[in-house]
Amino acid sequence: MRNFPEIQNTAYDLIVIGGGINGVGTARDGALRGLKTLLIEKDDFASGTSSWSTRLIHGGLRYLEYFEFNLVRESLREREVLLHTAPHLVHPLQLTIPVYDWSSRAYWEIQAGMILYDILSFDKTLPPHRMLPPQQFQQLFRAAEKQGLKGGAQYFDGQVEYAERLDLEVTLSAQKAGAEMLNYVAVTGLEKGDNNLITAIHCQDQLSGEKFTVNSTQAIVINTAGPWVDEVCGLARRGSEPIAIVNERKIGGTKGSHIVVDPFPGAPASALYVEAFVDKRPYFIIPWLGKYLIGTTDHRYDGSLDQVKASDDEIDYLIAETNRVMPAAQLTRQDVRFTYSGVRPLPYTDGKKAGSITRNHILYDHSQDGVNNLISLIGGKLTTYRQVGEEMVDKVYAKLGRSAPPCPTLTQPLPGAEAYSLSLETAMDKYGDQLERHSIQHLFCLYGARAGEILALVHGAPELGEQIIPSLPDIKAQVVFAVQAEMAHTLVDICRRRTAIAMVTDDYGFSALAGICQTLMNHCGWTQGQCDEQIQKYHEYMEENCIPDYCLN
């Protein structure tokens, strides 16, 4: 239960604004190290940038071009950490870079980059790179464009197919460690006292409308709002008068868009990392949940942060470039099954090429602006969230004037990677006559060690073992579990972030809504009126963020 009066009367050490991966990572680290921690997120966990990534846990090969060796090394180390602490969610992914005579980098330059990438990941458990002469490349990728081919490079990085669930598991780990984790609570004001501190944070519950205030006099406030960092800083006031915390813009976000398509003629069996012919920007063609994820773009963005959609031009760009490298694909707009787009919270730079803006993170201490207990995160990547959390909490302890305990997150597994109380083999034996076998396996892929909790729901109510729709392995128990154990409050939460139903059906998940709502009414106390309202909001969300404009016009 969300007990706002109790929250008002609690003295926190650490208050985090923003429930993306860096925010929940900071909250987890703080709670595990003994700080009384509160996190406030205005929407759902991972509803912003963390949900709109390319779903890679990678070292950032292209950052070598900009000599960001420290960032690449940090990312490669964190990739290795996640392969061990979240192995049910993060898997090795083989990528291949085709090199053509029109590529901006020669074959030998790619090879040099690969050698350096291997050196920087000296402690990895993944195989090293290998170079592919043209004949070998053609054997492995027979449908790829052959004209001008110089060969290719093959290497391994990591993939997190369910990026939202990575964020959620970090959230649940923070909650288990004692942190108060609130989604659907908006910060409406930051009260600045005469002592150069944020003394109070005014909030409003987005679900009930209830307003409350958090005392932050003794706390360090961390602003991990991603693209909304400047907006959060703009909420500062003294009494009823707005005041400026910063005098210059901190975030200069760039927009990245993706499309999802069904397997197409000549589709590669493994991922391709391709340089676009038109603008020389690298993008990915990645096998993903039985489909292909293609992206991303990179354009400066100053539009609405709450409604970000792939434009028709971006979709056409990704289609055209994929058809160029895979001529048999012949993709068209009609082949696009889903689109998504997000804004990278990069540091603001004037006139710099979008792709060249640093991906390194900055911990901006607002003491220089006259606010001694506020730190904003500028930048930050999915891969390096744990490192960001560690750095933030070290800084919090320093500002509190206390000695920081050792950070445990380097080796501590996420909840789904803890010791299994029920193995996949045992689950197959125990539930194989109640559930489809591929549904049981699917649960272990999504929930890892927590899969037994969903299966326990089926044991108590066998109808929850039914598939939500016949074409997907997801079962009705997942809907109940999302609401009862994973802080889901809306149909978008359930279909877009607790599961991938919205993204892997051919109709944005619309066909699943009726069955999901019936389950919610039968097992979670939802009313028909709630369901009708949520279905309408779900349609609006998809139209505003995911359904291409050319489908709506």
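The model is predicted: local features need pLDDT of at least 70, side-chain atom pairs count only at pLDDT 80 or more, and totals for chains, interfaces and linings use all residues. Residues are numbered from 1 along each chain as its sequence is written, and side-chain values use heavy atoms, with hydrogens and water left out.

The protein chain has 18 helices and 21 strands; these are DSSP runs numbered from the N terminus, helices being H or I of at least four residues and strands E of at least two. Its radius of gyration, taken over C-alpha atoms, is 23 Å, close to the 24 Å that the globule rule gives for 553 residues, so the chain is as compact as a globular protein of that length. The rule is 2.2 Å times the number of residues to the power 0.38. Along the principal axes, the C-alpha atoms fill a box of roughly 70 × 55 × 50 Å.

Of the 553 residues, 59% are buried, meaning under 20% relative accessible area with a 1.4 Å probe, protein chains only.

Helix H11 (residues 437-447) has as its buried residues Ser 439, Ile 440, His 442, Leu 443, Phe 444, Leu 446 and Tyr 447. Gly 448 follows H11 and has a positive phi, near 55°.

Key
Buried < 20%, exposed > 50% of the residue type's maximum accessible area, 1.4 Å probe, protein only.
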